[in-house]
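Visitor: Can you walk me through this one? I'd like the ligand sites first, then the backbone.

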Amino acid sequence: MTTLQLVLFTCLLATVAVARPVSFVQDFRVTWADSHVRQVESGRTIQLVLDQSSGCGFASKSKFLFGRVTMKIKLIAGDSAGTVTAFYMNSDTDNVRDELDFEFLGNRSGQPYTVQTNVYAHGKGDREQRVNLWFDPAADYHSYTIFWNHHHVVFYVDSIPIRVYKNNEARGIPFPRFQPMGVYSTLWNADNWATRGGLEKINWSKAPFYAYYKDFDIEACSIPGPAACASSSANWWFGPAYQQLSPAEARSYRWVRMNHMIYDYCADRARYPVVPPECTAGI
Ligand SMILES: *[C@@H]1O[C@H](CO)[C@@H](O)[C@H](O)[C@H]1NC(C)=O
Ligand SMILES: *[C@@H]1O[C@H](CO)[C@@H](O)[C@H](O)[C@H]1NC(C)=O
């Protein structure tokens, strides 16, 4: 390649993938209850509010196909029982939707926050796993990441994998590979199910409840956008190092599963007398 070609090629790459969004205003929109989504710290941080009148939510303006989406989130402090704060990706295609969920289930003061993950592929979900966090997610910001390429979907908490959904299409198991997804976040009242199965209700005398988001980082192919992006091997997230967990990641993933996983649909024989096929395809 000549220098000129290299420059042109680099420019092309720059237009192919989204760099990190600079501002909430530019890249996101409020989807639910404008008055409850507030910009604080000169717009660098978004505060979501839940009170008795409403929850709220926001979403990315674009959709994405493959890549990595990270947000730093500080969850509701104190008594958060009955609340759910979510960060997820969704193709918004009713019957055939793909969706990758992080749901943070609140708890009474001093009791552990639970992170529930779920994967919908081609309209089929019901793949919940639950992990109790090993730190207080309301004391400070932590990073939550959804990584997604042709080989797997990985959910990370502070760079530690807590969930892997592998591409097992060869065994007839659907994998979210064809539909772009938007990035969403919501905070709402889910006290009919969230905490101890719905036994713990929201204590409204503690309202309003606040969750905080910052440092939105999206490195992904934007759709609509250059058609070649989602298959371009020039994108780092398609590189050989990202086709499976690194040995260090695999070790931390085992540590999470052994020490912090409190529910796995794969092991729920009452609900699934027949083990779902992806569960025996190796984690
Ligand atoms: C809340 O705390 C209780 C008691 O420690 C625990 O059993 C439960 O898993 C926690 N999380 C939720 C979402 O109920
Ligand atoms: C709700 O919060 C109030 C005020 O802090 C407290 O007095 C009350 O015991 C709480 N109720 C429950 C069910 O925790």
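Guide: We start with the ligands, then turn to a helix and some backbone details. This is a predicted model, where local features need pLDDT of at least 70, side-chain atom pairs count only at pLDDT 80 or more, and totals for chains, interfaces and linings use all residues. Residues are numbered from 1 along each chain as its sequence is written, chains are lettered from A and ligands numbered from 1 in the order in which they are written, and side-chain values use heavy atoms, with hydrogens and water left out.

Visitor: Fine. Which residues are around ligand 1?

Guide: L105, G106, N107, Q111, P112, T114, A194, T195, R196 and I262. A residue is listed if one of its heavy atoms lies within 4 Å of the ligand.

Visitor: How does that shell divide into nonpolar, polar and charged?

Guide: Four nonpolar, five polar and one charged. Here Ala, Val, Leu, Ile, Met, Phe, Trp, Tyr, Cys and Pro count as nonpolar, Asp, Glu, Lys and Arg as charged, and the others, Gly among them, as polar.

Visitor: What about polar contacts there?

Guide: A polar contact is a pair of N or O atoms within 3.5 Å. N107 puts a polar side-chain atom 2.4 Å from an oxygen atom of ligand 1. T114 has a polar side-chain atom 3.0 Å from a nitrogen atom of the ligand. R196 uses its backbone: a polar atom there is 2.7 Å from an oxygen atom of ligand 1.

Visitor: And how much of ligand 1 does the protein cover?

Guide: The protein covers 72% of the 360 Å² of accessible area that ligand 1 has on its own. Areas come from the Shrake-Rupley method with a 1.4 Å probe.

Visitor: Next ligand. Which residues are around ligand 2?

Guide: N203, S205 and K206. A polar side-chain atom of N203 sits 2.4 Å from an oxygen atom of ligand 2. For the S205 side chain, an N or O atom is 2.9 Å from a ligand oxygen. For the K206 side chain, that distance is 2.8 Å, again to an oxygen atom of ligand 2.

Visitor: How much of ligand 2 does the protein bury?

Guide: 35% of the 370 Å² that ligand 2 exposes when taken alone.

Visitor: Switching topic. What is the span of helix α3?

Guide: Helix α3 covers residues 247-259, 13 residues in all, and reaches 18 Å from its first C-alpha to its last. That is close to the 18 Å expected at 1.5 Å a residue; the expected span is 1.5 Å times one less than the number of residues. Helices are DSSP runs (H or I, at least four residues), strands likewise (E, at least two), numbered from the N terminus.

Visitor: Which of its residues are buried?

Guide: S252, Y253 and V256. Buried means under 20% relative accessible area, exposed over 50%, partly exposed in between (1.4 Å probe, protein chains only). Seen down the axis of α3, the buried residues fall within an arc of 105°, so they line one face. The arc is taken from the directions from the helix axis to the C-beta atoms. The face turned away from that side carries exposed P247, R251 and M258.

Visitor: Now the backbone. Where are the cis peptide bonds?

Guide: One runs from A207 to P208, with omega near 0°. P208 lies in the loop between β13 (181-189) and β14 (209-223). Another joins I223 and P224, and P224 lies in the loop between β14 and α3.

Visitor: What is the phi of D126?

Guide: Positive, about 55°, although D126 is not a glycine. D126 is in the loop between β8 (114-120) and β9 (129-132).

Technical notes:
Polar contact = N/O pair within 3.5 Å; in protein donor to acceptor, adjacent residues only side chain to side chain.
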